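Q: Could we go through how burial, helix length and charged pairs are read from a model?

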Amino acid sequence: MDAKKIASNTLKVVLPLMLSGGILYWMYRGFDFDSIRDVLFNEMSWTWMLLSMPFGVLAQLFRAWRWRLALEPLGEQPRMRTTADSIFLSYALSLVVPRVGEVARCGVLRRYDGVSFAKAIGTVVTERMVDMVLMLLITALGFAVQLSVFGTFFSRTGTRLGDIAGRFTTAGWLVTAVCGVAAAVLLLLLLRRLSFYDKVRDSLLSVGKGIASVRRVKSQPRYLLYSLGIWASYFLHYYLTFFCFDFTANLGITCALVSFVVGTIAVIVPTPNGAGPWHFAVKTMLILYGVADTQALYFVLIVHTLQTLLVVLLGIWAAFSLAFTNPKQ
């Protein structure tokens, strides 16, 4: 491996960590971390947190079922166990290098079930297109709801948009700008990555088949159902955590939807599991709904940490499972 490639790979790991760490440091500077212990053991409802966790697992299982369904028309029939493990592992690996999991899961199916890497990549591209459409629809719904909610919020509190803008410090606006620039850079990288796909796939025809596979799945309604199941599970995985804390339990599903939307958009910024941008976006939205600054910091830190821990545990499970999986002959 030449020095240029080593430097490039190093930057892929270091830059997201620096961006994430910088935002988190700015948000939690001067924060009393000892108080987190009291919140965790005396104020937080672990029952609701535990109830939210299965939906985090279910979202990844829905993704595995949908992927397997998309591969069937291409003559590929990976085992469900291998497909699920590849999804679990891909999410865990993306914590180290953002977005690398998309390629890694295709490699897992290639190694253990002999699935064509080219066709698998094609179906992943299709998945991203479908997810993007659904995310845009959810975002549109969130903004539509947000307008009416903010109208009520302004009329009840007498708060003006200028007052809200005034709550942001210069550093706050700087972080917002950095997140916007990072999102734009990510978009350019994704466009460039298409040329990377061109290099690793066996042929353009194979990828074309993968992209078009959604039109030839045995059950298009089931494909759509799995896609909706993914996002419904993501939302419930997040929404149920509201009931873990007294200061968010009564905010309602509208606040959950709006903050879920801004959090989902923030995750686009290439940091490990959205750490940093997600904290900033969700915390800001909770503050607009009347949550105190310190309480909002408690929420985003605890929820994101525990949900990330779930991703890590699933990745460890997948690694052990694959270690005892015999390649398909």
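A: In this predicted model, where local features need pLDDT of at least 70, side-chain atom pairs count only at pLDDT 80 or more, and totals for chains, interfaces and linings use all residues, helix H12 is largely enclosed by the rest of the structure, because twelve of its twelve residues are buried. Buried means under 20% relative accessible area, exposed over 50%, and partly exposed in between (1.4 Å probe, protein chains only); helices are DSSP runs (H or I, at least four residues), numbered from the N terminus. Side-chain values use heavy atoms, with hydrogens and water left out, and residues are numbered from 1 along each chain as its sequence is written.

Q: With which residue does lysine 283 form a salt bridge?
A: Side chains of opposite charge can pair when their charged atoms come close. The criterion is a side-chain nitrogen of Lys or Arg within 4 Å of a carboxyl oxygen of Asp or Glu. Lysine 283 pairs in this way with aspartate 293, the closest N and O atoms being 3.1 Å apart. This pair links distant parts of the chain, lysine 283 lying in H12 and aspartate 293 in helix H13 (residues 293-323), ten residues apart. Lysine 283 is buried at 11% relative accessible area, whereas aspartate 293, at 38% relative accessibility, counts as partly exposed.

Methods: Helices (H or I, at least four residues) and strands (E, at least two) are DSSP runs, numbered from the N terminus.
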